[in-house]
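Please open the model in your viewer and keep the selection tool at hand. The stops below say what to select next and what is there.

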Amino acid sequence: MRRQHLAKQPGLVLLLLLLPLLLPHLGAEIAHTPLSSNRINLEPLEESQEETHLLPPSCPQRQAYEKMLNSIDDVEDLYVDVPVHIALEHRQKKRFVLKLNNSTPLTILFSMPVARQIYYNQTANVLRLAKGPTLGRLILPCALRGQYDLFVQARQGGALKLEAQAKHPHQSWPLLNHTHRIQIRTQNRVRKRQLIVKWERSKFDYHAMHYCLVIQRTGTLSSNTPSPSSTTTTTTSGSGQDFASFCEAVYAYTRQQQQTHSRAASGPCSTGSGNMLDLVWSRAPKRARHLNPRHSLHIVCTGARTQQQLRGLQPNSSYRLQLFGVHQRLQNLTLTLASSQVHFNRTQPTALREQALSLLKIGGLHGVQVYSFKVPATMPPPHFIRYLLLPCAGSEIRVKLLRQHRLVANVGDIYSPTYIKLEGVTPGERYLMRFEPSNEDEALRAQKVRLALSSERLFRDLAELPENITVFDVRTRCTSTTIAWHGSPDERALSYCVIVFNLPPRSVVDYTNYCMDFGALRITQHKNFKYIRCREKQNSSMDKLETETILSLTPGDSYLIYVTANLSVGKPLPYQTLTVHMGSQCMDVESQEQPEYY
């Protein structure tokens, strides 16, 4: 019966016959077990099982690694800052295993030329992300935590010295120890859930520096808070602390991406670790980047651009911005440049400074600009605020003043320098100011306005303009014109400047611009400049009218004339502009030449 049972299983009989012949080879194989199997693995079994679940053998990324693993059965441990000396024969293959506990720049030095492949976490081939020369060394600007399998093949026989260093070869760059201050500026567009981030260009090799922006959503404002003063912040998924290095930020970002894809219905093979690294290093810079609302950490590399538009932000949230520089000529050496905290809850009004002539935006595609001013607590306390408005491009605008969301003043038809006096103010009160075009036809021209405000009777650095700022055309001849204007009521010493510009022939465009720089040096560089003449104020004038005759004009031409009032120290203020058209056919053409003014 036993012989009949064995006859029915010929495979078992063949195995029993070959077992004595296989025992010596099996013992030799056990004696030469690779060093990696004798290591003490401190990682729990559950973590290794989870990693196997995230990267099953059926993944295409894993298949390339398995192919390399099957062709090499000689393995050696590799530790940071511990050189390895090994003799290799021609075309001999060797596998080195390196485990990193922290994300850090990694430099691997080779003493002889070898062919190499390096895999991260048994999946991602990160050789194409390496920087530096092909033979002598291999540089990973950011080596993330995990296991690295380095496969080498000798191109010639000899002794190989291999060393892994957890540092960047240019970490001793002298400029890294210098003080480097860069300011991050932001602009909230809460209605469109957009944030515009701008920063200054790096002073360290600005021609070779690229930038990466790390965005963390650190907290959300509670919805049941009764007032902004009692607002509390509830921490969500972010810690709100800056990363120690860019590599740590990349590691946290890739871990977040892996956890998201592992929970997706498409399965864990849809995205591997190699694609995760590509999200940071290989994405082309874009002017605008949409942030995934389900993620709390984002990395956006902008290339050489110094501004970025972020979309999809969550209202009533706090974001931590951290800016890193990536040196393109030093193997992607990364350095921390600046960091900032942004509360994305509402657009903050721009604070105005007293006694300063500021250039302000009226509006834009994102909405109406809002400006605020807090009445100073001085002694004696102020009782009024004076506003001076100079609409640019001669546009017609309207201004609204609000206090505690209540309208206190509404002034329209402002198309020339205008004063507004607000009475009955109290120290400590804050007033809001909004500009808007007077009508739809003025929307294209009404873009900017100059504004100065003061709680004193006079502006310190600006001359006082009269109530009537019209410039009159008294008499115009073929080659000359006489103009007049009301004198300034300012008792301080001041002067007047008459500035003349040529106008293009047969032009119907208004070239008035009250916001230009009326300094003598800048005016003379204007392409349409004719001449400028300045003189002191006439104190003997009984009717307080100032006159000036402009000579050496060309018959048939048109001119734009500015009159400015100037203090000895400060900025000039213009009167209302005057346009004169010279006659082309005149009977009283003067025969004598008249000198020009310069």
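On this tour, contact, or touching, means heavy atoms within 4.5 Å. Please keep in mind that this is a predicted model, in which local features need pLDDT of at least 70 and side-chain atom pairs count only at pLDDT 80 or more, while totals for chains, interfaces and linings use all residues. Residues are numbered from 1 along each chain as its sequence is written, and side-chain values use heavy atoms, with hydrogens and water left out.

**Helix H5**

Select residues 246-262, which form helix H5; helices (H or I, at least four residues) and strands (E, at least two) are DSSP runs, numbered from the N terminus. Within this helix lies Glu248, which counts as buried because its relative accessibility is 18%; buried means under 20% relative accessible area, exposed over 50%, and partly exposed in between, with a 1.4 Å probe and protein chains only. Leaving aside neighbours within four places in sequence, Glu248 is in contact with Asn102, Ser103, Arg145 and Phe243.

**From the helix to strand S7**

Select Cys142 and Cys247 next, which are joined by a disulfide with an S to S distance of 2.4 Å, a disulfide being a pair of cysteine sulfur atoms within 2.5 Å. This pair links distant parts of the chain, since Cys142 belongs to strand S7 and Cys247 to helix H5, 105 residues apart. The disulfide of Cys142 and Cys247 is left-handed because the torsion about its S-S bond is about -90 degrees. Cys142 is buried, with a relative accessible area of 11%, and Cys247 is buried as well, with 1%.

**Strand S4 and its partners**

Now select residues 104-110, strand S4, which is largely enclosed by the rest of the structure because five of its seven residues are buried. Strand S4 pairs with strand S7 (residues 137-143) in the antiparallel sense over five bridges, where two strands pair if DSSP finds at least two bridges between them; the bridge partner of Leu106 in S7 is Leu140. Strand S9 (residues 158-165) also runs antiparallel to S4, joined by four bridges, and there Thr107 has Gln165 as its bridge partner.

**The nonpolar cores**

Which residues have the most contacts inside the largest nonpolar core? They are Ile108 and Tyr148, in a core of 42 residues, where a nonpolar core is a set of buried Ala, Val, Leu, Ile, Met, Phe, Trp, Tyr and Cys residues joined through side-chain atoms within 4.5 Å. Helix H5 gives the largest share of this core, six residues. A second, separate core has 41 residues, among them Tyr496, Val500, Ile523 and Leu567.

Select Cys497 and Cys534, which form a disulfide with their sulfur atoms 1.9 Å apart. Cys497 lies in strand S32 and Cys534 in strand S33 (residues 529-536), 37 residues apart. At 9% relative accessibility Cys497 counts as buried, whereas Cys534, at 42%, counts as partly exposed.

Finish at Pro489, in the loop between strand S31 (481-486) and strand S32 (494-503). Pro489 counts as partly exposed, at 47% relative accessibility, and touches Glu464, Leu465 and Pro466, not counting residues up to four places away in sequence. Pro489 and Lys544 are 55 residues apart in sequence, while their C-alpha atoms are 8.8 Å apart in space.
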